[in-house]
Amino acid sequence: MTRIAAKVDLNQGEIVKALRGEPGVSVHSLASQGRGCPDLLVGIRQQTFLCEVKNGVKKLTPDQVKFIERWEGSPVIILRDADTARVWAQRLLKG
């Protein structure tokens with residue numbers, strides 16, 4: 001079955017840019033995975049985080065809620081803007 005192009009929140013590019021602007025942070029997009037999988041795989045200080053990008057007050061889709069409820073790894077981080085993403089990464093970088 002062919003997958004339709006993934007929808008990406010309009011602020012995802014600026015969030016990715018903010019995260020990649022922090023030394024010691026790596027980012028990989030998972031947006032094409034679909035089925036509720038979070039949008040970003042983020043590495044900080046040898047830790048791996050799944051991050052869901054949401055634009056403003058947009059809510060999680062039912063598939064995203066199901067994924068998060070069933071995920072047995074560390075909690076999924078919700079990122080809504082570049083400033084919050086930057087602060088989150090900086091706190092983790094400081095340890």
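**Talking through the sheet and the salt bridges**

Modeller: Let's start with the sheet: four strands make an open one, in the order β1-β2-β3-β4, with mixed pairing. Keep in mind that this is a predicted model.

Colleague: What makes β1 and β4 the edges?

Modeller: Count the partners. β1 and β4 each have a single partner strand, so one side of each is left without a neighbour in the sheet. And neighbouring strands here are turned by 35 degrees against each other on average, direction ignored.

Colleague: How do you know that β1 pairs with β2?

Modeller: Two strands pair if there are at least two bridges between them. Five bridges join β1 (residues 25–29) to β2, so under that cut-off they pair, and they run antiparallel. As one example of facing residues, V25 stands opposite I44 in β2.

Colleague: And what joins β2 to β3?

Modeller: Five bridges, and this pair runs antiparallel too. Look for L41 opposite L50 in β3, and V42 opposite F49 in β3. The hairpin of β2 and β3 has two residues between the strands, and R45 takes a positive phi near 50 degrees there.

Colleague: Why is β2 described as largely enclosed by the rest of the structure?

Modeller: Four of the five residues of β2 (residues 40–44) are buried, so the strand is largely enclosed.

Colleague: On to charges. How many salt bridges does the structure hold?

Modeller: Three. One of them joins K58 and D9.

Colleague: Why is the K58 and D9 contact called a salt bridge?

Modeller: The cut-off is 4 Å between a side-chain nitrogen of Lys or Arg and a carboxyl oxygen of Asp or Glu. For K58 and D9 the closest N and O atoms are 3.1 Å apart, so the pair qualifies. K58 lies in the loop between β3 (47–53) and α2 (62–70), and D9 in the segment before α1 (12–20), so the pair ties together parts that are 49 residues apart in sequence.

Colleague: What makes E52 and K54 a salt bridge?

Modeller: Their closest N and O atoms are 3.9 Å apart; the limit is 4 Å, so the pair counts. E52 is at 2% relative accessibility, which makes E52 buried. K54, at 4%, is buried as well.

Colleague: And how do you know that D83 and R86 form one?

Modeller: With the closest N and O atoms 2.9 Å apart, D83 and R86 are within 4 Å, so they form a salt bridge. Both sit in helix α3 (residues 82–94), three residues apart, which means about one helical turn separates them. R86, at 29%, is partly exposed.

Colleague: Last one: which residues form the nonpolar patch on the surface?

Modeller: L60, V65 and I78, with about 180 Å² of accessible area together. I78 belongs to strand β4 (residues 77–79).

Conventions
Residues numbered from 1 in each chain as written. Predicted model: local features only at pLDDT ≥ 70, side-chain atom pairs only at ≥ 80, totals over all residues. Heavy atoms only, no water. Buried < 20%, exposed > 50% of the residue type's maximum accessible area, 1.4 Å probe, protein only. Patch = residues over 30% accessible without salt bridge, like charges linked within 9 Å, V, L, I, M, F, W, Y side chains within 5 Å. Areas by Shrake-Rupley, 256 points an atom, 1.4 Å probe, with all protein chains shown as cover. Axes fitted to C-alpha atoms, helices over the stretch in contact; angles between N-to-C directions.
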